[in-house]
Amino acid sequence: MNDFRDNRPMQWLRRLFHRHVPRIPDALWRDCVARLPFLQRLPPHDLERLKRLCEALLDKKTFTSAGGLELTDEIAVLIALQASLPVLNLTLDLYDDMAGIIVYPAAFVVPQSEMDEAGVVHEWRAPVSGEALDAGGAVVLSWEDVEASDAPGYNVVIHEFAHKIDMGDGGANGCPPFLADYHRDIGPQAWQREFTAAYEDFTRQVDALDRQLPDDFDENDDVHASLHEALFAELPLDPYAASHPAEFFAVASEAFFVLPQPLADAYPEIYRLLSRYYRQDPLGAARHDAS
Ligand SMILES: [Zn+2]
């Protein structure tokens with residue numbers, strides 16, 4: 001489906017190929033961590049564990065560039081580092097079902113199709129910032145969108161890797177696999193109930209805002225665009241979460257790690273379940289500081 005003629009193995013992995021597990025140079029690691037403010041909550045020993053996990057991920061998975069992107073050490077480490085965060089207290093095995101990581105310089109075009117109510121299948125091509133292919137496929141990312149990760153609550157790497165975790169027990173449906181070693185305290189029925197309720201509530205909110213937009217809404221019209229921004233800014237999550245239960249899980253996971261407070265305020269049960277699932281409490285440090 002895409003043009004991978006420009007494949008290049010990652011430079012420093014090739015350089016260090018003779019070693020068992022590649023070691024990320026300290027200066028590079030520090031630079032990458034400094035670019036991700038949401039990592040500041042982690043104490044030094046957790047950051048050290050994250051580094052080891054990131055090195056193991058880089059060792060296990062192949063990074064491939066596409067669309068003319070020159071893959072650098074920094075690109076590979078920044079992506080692997082963010083992909084490792086959700087599984088910091090779990091296991092990299094959750095990514096076993098992933099062929100590798102493919103990076104484009106910017107949004108890439110993916111063929112889309114959807115069947116309408118009359119049963120007609122519409123096909124079109126749309127640029128996307130990331131894609132997680134199921135059935136053992138790759139995670140595909142736009143580097144430009146990875147770099148936009150400092151936008152509030154937005155993190156395409158965590159989003160796509162949350163999809164990969166979700167796909168671990170079949171297709172993406174918003175219910176990830178519960179592992180015997182880690183998730184005994186999560187009831188699958190409670191998960192289903194809470195996530196369905198939150199998804200339905202959020203979808204109602206987004207629908208209500210949609211109805212306030214003009215009938216001839218055009219996202220390329222500046223006045224319409226700023227109205228949209230003002231209306232949707234109050235939502236606790238990116239409105240894209242309303243498009244499917246699997247997107248709700250992926251967007252909520254992004255928010256959980258990157259901008260957790262609005263999520264915890266609007267949907268405390270979802271925050272609690274994600275905290276049990278990922279076995280992390282991003283607001284814990286803030287609560288501790290405030291007390
Ligand atoms: Zn998604």
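Which residues of helix H11 (residues 268-278) are buried? I started my notebook with that one. My list for helix H11 reads Ile270, Tyr271, Leu273, Leu274, Ser275, Tyr277 and Tyr278. A reminder to myself before going on: this is a predicted model.

Where does arginine 279 sit? I placed arginine 279 in the loop between H11 and helix H12 (284-290). I also looked up its cover: arginine 279 has a relative accessible area of 38%, so I wrote it down as partly exposed.

**Entry: the whole chain**

Next I stepped back for some totals. I counted 12 helices and six strands in the chain. The chain has 291 residues, and 47% of them count as buried. For the accessible surface I got about 14800 Å², with 50% of that belonging to carbon and sulfur atoms. Then I looked at contacts between residues at least 6 apart in sequence, and 67% of these join residues at least 24 apart.

**Entry: leucine 42**

Leucine 42 is in the loop between H2 and H3. Buried or exposed, I asked about leucine 42? Its relative accessibility is 7%, and the cut-off for buried is under 20%, so leucine 42 counts as buried. I then looked up its partners, skipping neighbours within four places in sequence. Leucine 42 touches Leu47, Leu50, Leu85 and Leu88. I also checked leucine 42 against proline 282: they are 240 residues apart along the chain, but I got 8.5 Å between their C-alpha atoms.

**Entry: leucine 209**

Leucine 209 belongs to helix H7. I have leucine 209 down as buried, because its relative accessible area is 12%. Which residues does leucine 209 contact, leaving aside neighbours within four places in sequence? I found Leu231, Phe232 and Leu235 in contact with leucine 209. For one of these pairs I also took the spacing: leucine 209 and phenylalanine 232 are 23 residues apart in sequence, and their C-alpha atoms are 7.1 Å apart in space.

I looked up one of its members in detail. Aspartate 216 is in the loop between helix H7 (188-210) and helix H8 (222-232). Its relative accessible area is 56%, and over 50% means exposed, so aspartate 216 goes down as exposed.

**Entry: salt bridges**

How many salt bridges does the structure hold? I got 11 salt bridges.

Arginine 23 and glutamate 55 join their side chains in a salt bridge, at 2.7 Å from N to O. This pair links distant parts of the chain, 32 residues apart. Arginine 23 is in the loop between helix H1 (11-15) and helix H2 (26-34), while glutamate 55 is in helix H3 (residues 44-60). Arginine 23 is partly exposed at 40% relative accessibility, whereas glutamate 55 is buried at 0%.

Glutamate 55 also has a salt bridge with arginine 52, at 2.8 Å from N to O. These two are three residues apart in helix H3, which means about one helical turn separates them.

Arginine 52 turned up again with glutamate 48. Their salt bridge has its closest N and O atoms 2.9 Å apart. Why about one helical turn between arginine 52 and glutamate 48? I put it down to their places in helix H3, because they are four residues apart there. Arginine 52 counts as partly exposed at 37% relative accessibility, and glutamate 48 counts as partly exposed at 37%.

Last, I put the pairs together. Salt bridges with shared partners join Arg23, Asp26, Glu48, Lys51, Arg52 and Glu55 into one network.

Definitions and conventions: Residues are numbered from 1 along each chain as its sequence is written. This is a predicted model: local features need pLDDT of at least 70, side-chain atom pairs count only at pLDDT 80 or more; totals for chains, interfaces and linings use all residues. Side-chain values use heavy atoms; hydrogens and water are left out. Buried means under 20% relative accessible area, exposed over 50%, partly exposed in between (1.4 Å probe, protein chains only). Contact means heavy atoms within 4.5 Å. A salt bridge is a side-chain nitrogen of Lys or Arg within 4 Å of a carboxyl oxygen of Asp or Glu. Accessible areas come from the Shrake-Rupley method with a 1.4 Å probe; for residues, only the protein chains shown count as cover.
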